[in-house]
Amino acid sequence: MAKKNTHNRREVKAQQKRQQQIMWISAGIIAITLVIGLVFLINRNSRATVAFPDIHGMSFTGDGEQLRVATHTGIVAFQNGNWSKPDLPINDYMGYSGTENGFFSSGHPGAGSRLVNPIGLVRSQDHGANITTINFSGETDFHVMGASYYDETIYVLNPTPNSLLSAGLHYSLDSGQTWEQSVAEGLTEPPMQIAVHPNDAGVLALATRAGVFLSNDFGATFTRISDANIVTSVAFDPDGERLLFGFDSLFSYSLSDGQITSLAVSPDIDADQAILYIALNPVDEALAFATSDRDIFYSPNGGESWEQIATDGMSN
């Protein structure tokens, strides 16, 4: 009888130990689940805090890893499906024109900046970490300008005369040190946006209310290349083979044969908004565009499929 009682006590203790183990395991699973959920919520909330009070340009970095968006309050980045605000000088970058290692821009200084207002023509060769003033500091804010992705060519539409330039279209082949004026014969409307060929300094395209105009002679003469009545955005592919442009849909113009094709699978956008900026990845087929409602769409495969990555100036 004593042996039976001892055996029963051992079974009870063993059962209690098993129940204790199960409780600890269950508590551990619950804790891990809570941690994962908390991390998800933190990541979700951190992504939601990236906002765009305005958009003034877009470009991909030379390694193809990041989409950079210039806003009224500095530069934000999209990479691997996530948005972030890099630790960079905060300036209002108007006329932002992305390059392989950074950008050319104009605009206004942000809070704490030592730049003069307006900042004139500035350049960064390290993706915005350092800003170098080239010229026109305190004089001019170039809202319409374009730069070659790979070389030193810049085109600007000067709104009013300044210390070096008269009003009108001008270009520089040495990063803004010296300038020439473009005659712009054949251009019937003022440009809303300028795109510069990535490695041919004399080739540029203008988006206007009368369509797309292309020049092969440094802006001396322009030819209308599309039937579109209004074009609000234009961008050369970094490979130099095509020109993308759009207003309420996207089109591709081949520089080799002049053929225009529609990106038929591009996403529908609201009738009351326009495509304002286009960015093409120099490494793969990824591309993106931003609209006047501050919506941003991203395609990893040249327009075959799309994802809306920002809505009304807020990251998705």
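**Reading strands, buried residues and cores**

Student: I'm looking at the strands. Which residue in S15 stands opposite Thr208?

Tutor: A strand is a DSSP run of E with at least two residues, numbered from the N terminus. Here, Thr208 stands opposite Gly211 in S15. Keep in mind that this is a predicted model, where local features need pLDDT of at least 70 and side-chain atom pairs count only at pLDDT 80 or more, while totals for chains, interfaces and linings use all residues. Residues are numbered from 1 along each chain as its sequence is written, and side-chain values use heavy atoms, with hydrogens and water left out.

Student: How many bridges join S14 to S15?

Tutor: Two strands count as paired if DSSP finds at least two bridges between them. S14 and S15 (residues 211-215) run antiparallel and share 5 bridges. They make a hairpin, with 2 residues between them. S14 is also joined to S13 (residues 193-196), again antiparallel, by 4 bridges; there, Val196 has Leu204 as its bridge partner.

Student: Are the residues of S14 buried or exposed?

Tutor: Buried means under 20% relative accessible area, exposed means over 50%, and partly exposed is in between (1.4 Å probe, protein chains only). In S14 (residues 204-208), 5 of its 5 residues are buried. In a regular strand, side chains alternate between the two faces of the sheet. In S14, Leu204, Leu206 and Thr208 point one way, and Ala205 and Ala207 the other.

Student: Why does Gln66 count as buried?

Tutor: Gln66 counts as buried because its relative accessibility is 16%. You'll find Gln66 in the loop between S1 (55-60) and S2 (67-71).

Student: Which residues have the most contacts inside the largest nonpolar core?

Tutor: A nonpolar core is a set of buried Ala, Val, Leu, Ile, Met, Phe, Trp, Tyr and Cys residues joined through side-chain atoms within 4.5 Å. The largest one has 19 residues, and Phe52, Met58, Leu67, Val69, Trp83 and Ile296 have the most contacts inside it. S1 gives the most to this core, with 3 residues. A second, separate core has 13 residues, including Val203 and Leu214.
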